[in-house]
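Subject: Structure handover

Dear colleague,

Please find the structure below, followed by notes on what was found in it.

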Amino acid sequence: MKGDSASHTRESPPTVAHLSLTPEDIDVAEFLIGKWDLQHHEKFTPLFGDREEAKRFLEVVTDLHHSMRVYLNLKHHSSSADDLIRAHKLMPIAIKRLEKEFHVILSVNRKNLDSDSLSRRSNRGSVKSSVSEYYEDDGSEEEYGATPPRTPPRPGSSGSGSESAMDVAMADLRSIAECMISCGYARECVKIYKIVRKSIVDEAMHYLGVEKLNHSQMQKMEWDVLEAKIRHWLHAVKIAVKTLFQGEKILCEAVFASSEKIAESCFAEICKDAAVNLFTFADNFGKSKKILSPEKMFRALDLYDAISELWPDIETIFSHESLLPVKTEADAALVKLAEAVRIMLTQLETAIQKDNSKTLPGGGVHPLTRYVMNFLIFLGDYTGSVSDIISDCPVNPHSPLPERHFSSPTAGGGEDPSAAAITVRVGWLILLLLCKLDGKATTYNDAAVSYLFLANNLNYVVSKVRSSNLGLVLGADWIWQHRSKVNRYLANYERIGWTKVISSLPTDPTAEISIEQVKAHFRQFNHNFEEAYKKQTSLVIPDPETRDRVKISLSKLLIPGYRAFYQKHRGKKTLESWEDPIIRYAPEDLDNYLSDLFFPTSSSGSVAGTTSGKSSSSVASRRR
């Protein structure tokens with residue numbers, strides 16, 4: 001006779017007055033149990049195909065066991081030892097039948113008890129309630145029929161009564177489990193349950209593509225291969241936690257509702273290893289320091305985000321002490337991933353500072369600027385995670401610059417220290433970039449080109465900040481300050497690059513001056529304009545809005561003064577009689593030439609080197 005330490009019943013133990021072991025009772029039990037003895041059936045016939053019969057069977061087994069307990073606890077009783085022996089022989093037969101029924105119901109109802117359907121019932125109390133109501137219902141033959149279907153309809157379809165196939169299966173499993181547990185056969189019941197359900201969990205994890213990879217294996221993989229596995233994992237982890245593990249917990253609690261301890265133990269045995277292995281993948285990626293580089297940061301953040309978002313579910317599903325290794329592994333993964341992100345941020349800083357790539361001939365946007373800003377834009381999509389990761393990791397403490405140089409009082413951080421941390425970090429990275437660009441600007445021989453280079457690159461930075469989440473991170477004040485700086489760079493470019501052309505004209509273009517002075521001014525203007533234009537044809541301003549703005553500004557600087565001077569002196573015959581004309585350009589010509597400047601496809605060369613196809617000879621041959 002098995003011990004009853006695992007017994008958990010809702011009723012108090014029976015007494016002599018309540019239940020006694022009589023020969024008549026044993027005869028009834030012997031008949032019903034013998035009827036369903038597995039040795040008497042060549043082909044398996046489900047007991048639970050007849051719900052009334054199954055209910056009577058469970059009642060007989062439970063009563064028989066309780067009567068045996070009463071007899072053993074009494075020193076004197078009218079029942080003979082022979083009756084006890086008969087009852088004792090019947091129990092293993094009955095339990096074998098219940099074990100078989102339990103296994104069959106679990107196996108046949110794999111689809112009805114799938115994790116997806118179970119997890120939809122987020123309120124586990126409601127599941128217990130519905131199963132309990134089904135179990136406690138009398139279930140008359142008029143309601144269910146003499147032989148109800150073995151596998152009832154799926155949820156949502158019409159069928160026998162109002163219960164779904166899931167409810168029927170869980171009610172059957174729970175009734176068997178309660179009977180076996182109360183009779184002292186909890187271990188046998190749990191063993192069957194664990195074998196069947198653990199195979200389902202393991203099969204699901206395999207189907208989801210979850211692999212066991214240590215950090216050494218990861219470090220030897222090609223990045224494309226590992227990245228594909230990370231994508232599979234990101235898809236799998238949400239399904240595993242929210243559907244698979246949650247569904248298994250719901251089913252355990254419903255089937256073993258009579259024993260919370262058994263339900264928790266069962267769930268731990270079924271899901272603990274799979275869950276630990278799931279989070280070990282992310283942990284091992286964080287440990288793989290040899291493969292870390294800034295470009296791989298976003299996959300680390302994806303892993304970090306996935307676990308962080310699922311953390312409330314992880315704490316709820318794996319709340320029991322026996323499941324502590326799961327939460328420990330998930331937390332360790334977060335710690336290692338955070339460490340990996342901090343390492344890769346440091347790598348990015350170092351890469352910016354050590355970049356030695358050359359500048360572009362036309363003063364355009366440097367590849368380093370594009371790389372860093374595109375990187376930061378992606379980083380801006382992970383502000384929550386990055387803020388958490390770097391909140392206790394300050395910017396380079398050895399920086400001689402105060403924080404105001406790379407943060408903004410109008411940034412989105414507000415009073416939140418973690419949000420302020422990412423504002424400072426992004427601002428710091430941009431500051432490193434701008435300092436590097438300042439150094440690269442000095443490699444140009446022409447100061448005007450240096451300023452245009454700085455303007456183009458800073459304008460690119462500002463436009464990327466404005467059009468992404470970085471605008472919220474850095475704030476309006478940061479944008480305004482750096483936009484103003486772009487304008488100052490452009491003003492310096494115009495001043496240095498075109499001052500000689502502007503100064504070729506008299507201060508007062510309408511003033512009366514000698515014909516020789518007029519000739520000298522026109523000649524000087526022609527020379528300086530052609531020289532300046534020749535330099536400008538190789539320069540680019542990639543941003544269309546900025547390009548048009550610079551052209552308009554240059555037009556306002558050059559053309560009004562030239563037009564006044566041109567109109568004042570163009571009718572003088574002395575200026576038209578020369579074989580080499582003094583007046584080469586009409587004001588409209590200057591406007592046309594300026595309109596051809598700064599396109600990224602422009603080729604460098606002479607004044608004629610423009611997209612409109614003007615040649616140097618055509619410029620020189622203009623007669624006005």
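Y593 counts as buried (under 20% relative accessible area, where exposed is over 50% and partly exposed in between, with a 1.4 Å probe and protein chains only), because its relative accessibility is 0%. Y593 sits in helix α22, residues 587-595, a helix being a DSSP run of H or I with at least four residues, numbered from the N terminus. Between Y593 and T537 the C-alpha to C-alpha distance is 9.7 Å, although 56 residues separate them in sequence.

This is a predicted model, in which local features need pLDDT of at least 70 and side-chain atom pairs count only at pLDDT 80 or more, while totals for chains, interfaces and linings use all residues. Residues are numbered from 1 along each chain as its sequence is written, and side-chain values use heavy atoms, with hydrogens and water left out.

D305, in helix α12 (residues 297-317), is also buried, yet D305 has no salt bridge (a side-chain nitrogen of Lys or Arg within 4 Å of a carboxyl oxygen of Asp or Glu). The nearest side chain of opposite charge to D305 is K238, 8.8 Å away; Lys and Arg count as positive and Asp and Glu as negative, with His and the chain ends not counted. Leaving aside residues up to four places away in sequence, D305 touches Y382 and S385 (heavy atoms within 4.5 Å).

Best regards

Notes. Helices (H or I, at least four residues) and strands (E, at least two) are DSSP runs, numbered from the N terminus.
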